[in-house]
Amino acid sequence: MKYSNATNYALHTMVQLIRLPQEASIGVQELAKAQHLSPTYLSKILTKLTKAGLIESTPGAKGGYRLARGEREISFFDVIQAIEGETHLFDCTLHRHEGCLIEKVMRDAEANMKQELQEQLLVDIAHQAGQPQGGDGK
C-alpha cells in the first residue's frame with residue numbers, strides 16, 4: 001500500500017464532497033482552487049475516483065462531481081485503493097527462495113494498517129472538519 005500526493009489530494013477532495021449538501025455537486029475549478037491545485041491534475045484524480053465508483057460526474061451547466069455512494073460506505077482505504085491500486089510498501093529482493101522474514105513482518109504490519117484504514121470512514125473526518133477548533137466547543 002502506497003500513499004502519494006495524489007492520494008492526499010483525493011482524500012481531501014472526498015472530504016469536501018462529503019461536506020456538500022446531499023445531491024449537490026461541485027465543479028473541478030472550485031475543488032482545485034480550494035486545494036491550490038491545477039484543475040488538470042485534479043481531473044486525473046477525479047477520473048480515478050469515478051472509475052472506482054466513489055464519485056460521479058453530474059451533467060449540465062452547473063455540473064460537477066458528487067458522491068456516488070453513501071457517505072458511510074466510504075473508507076480511507078477505498079480512496080487509497082482507487083488512486084494507488086493494490087501495491088505493497090516493501091518487496092524483499094534478498095532471500096526470495098528461502099522466504100524473507102523481514103518481508104513477512106512488513107506484510108503483517110501492512111495488513112493491520114489496511115484493516116485500520118478500512119474501519120476509518122471519511123465522513124467522520126468531514127464532521128470533525130466542520131466542528132470548531134479546541135476541546136471546549138468554543
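Student: Which hand does the crossing of helix 1 and helix 2 have?

Tutor: Welcome! This is a predicted model. In it, helix 1 covers residues 5-19 and helix 2 covers residues 28-35, and their axes come within 11 Å. The crossing of these two helices is right-handed.

Student: Are helix 1 and helix 2 oblique or roughly perpendicular to each other?

Tutor: Start with the angle: the axes cross at roughly 120 degrees. Roughly perpendicular is kept for 65 to 115 degrees, and roughly antiparallel for angles over 145. Helix 1 and helix 2 are therefore oblique.

Student: How are helix 1 and helix 6 oriented to each other, roughly parallel or roughly perpendicular?

Tutor: Helix 6 spans residues 122-129, and its axis lies 9 Å from that of helix 1, at an angle of about 70 degrees. Angles of 65 to 115 degrees count as roughly perpendicular. So helix 1 and helix 6 are roughly perpendicular.

Student: Which residues of helix 4 make the contact with helix 3?

Tutor: Helix 3 (residues 39-51) and helix 4 (residues 76-84) pack at about 115 degrees with axes 9 Å apart, and helix 3 passes helix 4 in a right-handed crossing. On the helix 3 side, the contact uses Ile45, Lys48 and Leu49; on the helix 4 side, the residues are Val79, Ala82 and Ile83.

Student: Which residues are closest to the centre of the largest pocket?

Tutor: This pocket has a volume of about 230 Å³. Helix 1 and strand 2 (64-67) each supply at least two residues of its lining. By class, the lining has six nonpolar, two polar and five charged residues. Of the 13 lining residues, the closest to the centre are Pro21, Gln22, Glu23, Leu67 and Arg69.

Technical notes:
Residues are numbered from 1 along each chain as its sequence is written. This is a predicted model: local features need pLDDT of at least 70, side-chain atom pairs count only at pLDDT 80 or more; totals for chains, interfaces and linings use all residues. Side-chain values use heavy atoms; hydrogens and water are left out. Axes are lines fitted to C-alpha atoms, for helices over the stretch in contact, and angles run from 0 to 180 degrees between N-to-C directions. Helices (H or I, at least four residues) and strands (E, at least two) are DSSP runs, numbered from the N terminus. Angles under 35 degrees count as roughly parallel, over 145 as roughly antiparallel, 65 to 115 as roughly perpendicular and the rest as oblique. A crossing is left-handed if the near helix is turned anticlockwise from the far one by less than a right angle, and right-handed if clockwise. On a 1 Å grid over the protein atoms alone, a cavity is a set of points where a 1.4 Å probe fits but cannot get out, and a pocket is an open set with protein on both sides within 12 Å along at least five of seven lines; lining residues have an atom within 4 Å of a point. Grid points are joined across faces, edges and corners, and a volume is the space filled by probe spheres set on the points. Ala, Val, Leu, Ile, Met, Phe, Trp, Tyr, Cys and Pro count as nonpolar, Asp, Glu, Lys and Arg as charged, and the others, Gly among them, as polar. Contact means heavy atoms within 4.5 Å.
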